[in-house]
Structure formats: C-alpha cells, structure tokens
Amino acid sequence: MAALDFPAPSRLPNEQALRNEVRDFLKQEQELVRAGALGSWSRCCPEFSRRLGERGWIGMAWPRKYGGQERSALERYIVIEELLAANAPVGAHWTADRQCGPLLLYCGSEEQRLDILPRIAAGKCYIAIGLSEPGVGSDLASLKTRAAPVDGGYCLRGTKLWTTQAHISHYMTVLCRTDGEHSHRHEGLSQLIVDMASPGIEVRPIIDMTGSHSLNEVQFDDVFVPDNALIGTRGDGWKQVLNELSNERSAPDRILSSFKLLDQLVASVRSEPTEEGKREVGRLIGRTALLTSLSASIVEMQRLGRDPGASAAIVKDLGAELEQETPEIARKLFPLELSRGSDDYLQTLIGAILLMSPSFSVRGGTREILRGIIARSLGAR
C-alpha cells in the first residue's frame with residue numbers, strides 16, 4: 001500500500017506570521033478581491049496579479065535569477081491557500097505560476113527561463129495550456145494537432161479546446177505531434193511554447209452556464225513556431241505533461257472552489273442552528289481539513305523527490321466530490337427561494353456554485369481517468 005502513503009506535511013515556524021501577512025495584504029486590496037464573480041482561480045485581475053508579483057508571491061520557490069524568492073514549496077502553498085480561501089482573483093497568472101513556470105524551470109532552455117520566468121514572477125506574463133482537443137475527450141494521446149518540422153522551426157496546425165484564459169494569455173504551451181506515427185501513441189509528442197501574437201491564431205470564446213468567459217477554443221492555422229520554442233527534448237511531451245498534471249491535481253484549488261460557500265454556510269448555520277445543519281456542516285468542515293492536509297502532503301512528497309501521481313489523483317478525486325457535495329448540502333439546508341432576491345448572499349452563492357459544480361469532476365482529468373491511475377498504481381489494473 002506504499003502508493004497510498006501520505007507523508008506528514010512539514011511545519012514552518014513562521015507559518016502563522018505568513019498567513020497573517022497575506023490576510024493583511026488581502027484587506028488592503030479588498031476592492032480588487034471583492035470585485036467580480038466567484039471562482040478565484042478563474043477570475044482575472046491583471047492589477048491584482050501585478051501587486052502579488054511586487055510582494056514576491058508568484059514564482060515564490062524559483063531561483064532569484066529567474067525572478068523567484070527561493071522560498072519553500074510549503075510557504076508557496078500557504079500563500080495560495082489564503083488567496084483561494086479569500087476568493088482572490090488570481091486567474092491571470094494562475095497556470096503560469098502553477099504549471100507552465102515549473103515546466104520551463106525544469107525542462108526549458110536557459111533562454112526561455114531568462115526571458116519568460118521573471119515576467120511571470122512579476123505578474124505580467126500569462127500562459128495558457130493547450131492539451132484538450134475537439135473529439136479527443138479524455139484520450140489525450142489521440143490528439144490531432146501537429147507541428148511539422150520546417151526550416152527554422154515548426155508549422156503548427158490544429159485546434160485546442162477548453163483553454164483557460166487563452167484570450168488574455170501571452171503564450172500557450174501546446175502539446176502536439178512533432179514526429180510521424182509511432183507504435184506507441186504516447187511517443188512522438190512534444191510541447192512548444194507558442195507566442196499568442198503569432199499570425200494564424202484564432203481564439204474563440206466559450207461562455208459557460210454562469211455567463212462567464214474563461215474558456216476558449218483556439219485554432220492554429222499553419223502557425224510558424226521557431227526552433228527555440230521547443231520545450232525540453234523533442235518527443236518528451238507526454239512525460240512532461242504527466243508531471244504537470246500532478247502539480248495541477250494536488251493544488252488547493254481542487255479543494256477550495258466551494259470554500260466561500262462553506263464559509264457562508266457555517267455563518268448561516270450558526271445564526272439558524274439545527275441538528276441537521278450542525279451535523280452536515282461539521283462533516284464538510286472535517287473533510288475540508290482532511291483534504292487540506294492531504295494536499296499539503298503532496299507538497300512534502302515533491303520536496304522529498306517522490307512521484308505524487310497516484311496520491312495527487314486521490315486528492316483531486318476526493319476534492320471534486322467535496323466541492324460538488326457542498327452546494328447540494330447547502331440547498332438542502334437552505335432551499336433556493338427566488339423570492340429572497342439577489343441580495344441574499346447565501347442564496348447567490350448556492351446558485352452560482354451549483355452552476356459551476358459539474359466542471360469540478362472534469363477539469364484536470366475526469367473521475368474515471370483518475371480512478372484508473374489509482375488502480376494502476378495499486379496493481380489492480
């Protein structure tokens with residue numbers, strides 16, 4: 001059962017001081033924090049990202065030569081947890097800090113690192129992730145986007161779907177097939193970092209059920225990508241993506257998307273206490289605390305140099321269940337009533353998160369994909 005072993009997260013002597021520092025900052029920036037709708041990591045506020053960069057809270061663990069602060073991964077986790085719990089608008093720089101920056105740090109060229117990482121850390125450079133495609137679904141290895149080698153680089157053609165914040169991003173990391181057909185379809189895939197200002201790129205918005213625009217369909221029509229945009233070694237794309245997804249699946253955003261609702265639910269049950277309410281909300285609080293600890297444990301695994309793949313999948317799967325169950329319990333305890341109007345904050349939260357919740361078990365890998373990863377790690381598949 002070693003695959004399910006979660007090491008105890010390290011504790012920091014300055015942990016509470018750091019949390020207080022972030023909370024004080026959020027109070028100072030409350031106008032930016034409160035502006036806009038729900039969904040911390042899908043809400044964009046370039047000015048807020050820039051101010052975070054000024055505080056050194058983007059790319060915190062990166063080397064100073066690349067704009068980082070050389071802080072620990074756990075310190076970064078604490079800052080992110082506080083930002084998400086407050087529903088701060090971190091969406092502009094989110095994927096660049098969480099996935100694309102670390103990808104360039106470990107696999108990119110020195111030219112790419114020196115050019116892009118300091119701008120990410122300053123909160124001034126945003127990067128989208130180009131993985132999913134129309135008709136591909138969860139079978140990512142069957143992707144159709146191709147980058148044919150040409151003089152000086154590649155000619156990129158294909159379509160990427162569900163690309164978060166592509167409409168404001170400066171770059172996109174695109175997983176594509178750079179080589180011919182292979183006996184194993186996971187071979188011959190590479191990642192390119194594509195300048196979104198390049199000719200031949202069309203970004204089409206996807207409006208979700210809440211009326212928000214964070215997702216996009218992106219068409220690449222014979223886009224020239226120079227040789228120096230290749231990330232790492234040609235053909236290593238699949239291996240790179242697996243490492244990126246471990247970072248994505250274990251992050252606290254997979255637990256805290258519904259946290260604002262839980263926070264308000266606690267306040268509502270305190271003011272209108274019932275036995276059912278105390279029992280149900282107590283269960284949600286306990287599960288949130290457990291998952292927070294498990295998520296922090298993934299950070300510890302990464303610090304120890306261990307592969308968190310299956311463990312990260314467990315955290316993501318359980319987190320999606322919690323996030324989807326929270327609005328269901330909320331509306332059972334406080335049924336939606338149109339007569340209460342839009343000035344009832346709890347009702348507004350319940351309605352908004354109910355509309356968002358179907359996506360929680362899709363983003364970052366469907367429940368079926370995650371459980372397949374877990375089963376393979378246990379030798380059950």
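1. Serine 295 is buried (under 20% relative accessible area, with exposed over 50% and partly exposed in between; 1.4 Å probe, protein chains only), its relative accessible area being 0%. The residue lies in helix H10; helices here are DSSP runs of H or I with at least four residues, strands are runs of E with at least two, and both are numbered from the N terminus. The side chain of serine 295 makes a polar contact with that of tyrosine 77 at 3.2 Å. Such a contact is a pair of N or O atoms within 3.5 Å; within protein, one must be able to donate a hydrogen and the other to accept it, and residues adjacent in sequence count only if both atoms are side-chain atoms.

2. The model is predicted: local features need pLDDT of at least 70, side-chain atom pairs count only at pLDDT 80 or more, and totals for chains, interfaces and linings use all residues. Residues are numbered from 1 along each chain as its sequence is written, and side-chain values use heavy atoms, with hydrogens and water left out.

3. Helix H4 (residues 73-85) packs against helix H10 (residues 275-303) at an angle of about 145°, the axes being 9 Å apart. Axes are lines fitted to C-alpha atoms, for helices over the stretch in contact, and angles run from 0 to 180 degrees between N-to-C directions. On the H4 side, Ala73, Leu74, Tyr77 and Glu81 meet Thr292, Ser295, Ala296 and Val299 of H10, where contact means heavy atoms within 4.5 Å.

4. The whole structure holds 31 salt bridges, each a side-chain nitrogen of Lys or Arg within 4 Å of a carboxyl oxygen of Asp or Glu. One of them joins glutamate 133 and lysine 160 (2.8 Å, N to O). Glutamate 133 is in the loop between strands S1 (127-130) and S2 (146-150) and lysine 160 is in strand S3 (residues 153-160), so the pair ties together parts 27 residues apart in sequence. Glutamate 133 is buried at 5% relative accessible area, and lysine 160 is buried at 0%.

5. Aspartate 179 and arginine 234 also meet in a salt bridge (2.9 Å, N to O). Aspartate 179 is partly exposed at 21%, as is arginine 234 at 36%.

6. Glutamate 280 pairs with lysine 332 in a salt bridge (3.2 Å, N to O). Glutamate 280 lies in H10 and lysine 332 in helix H11 (residues 309-333), so parts 52 residues apart in sequence are tied together. Glutamate 280 is buried at 10%, whereas lysine 332 is partly exposed at 45%.
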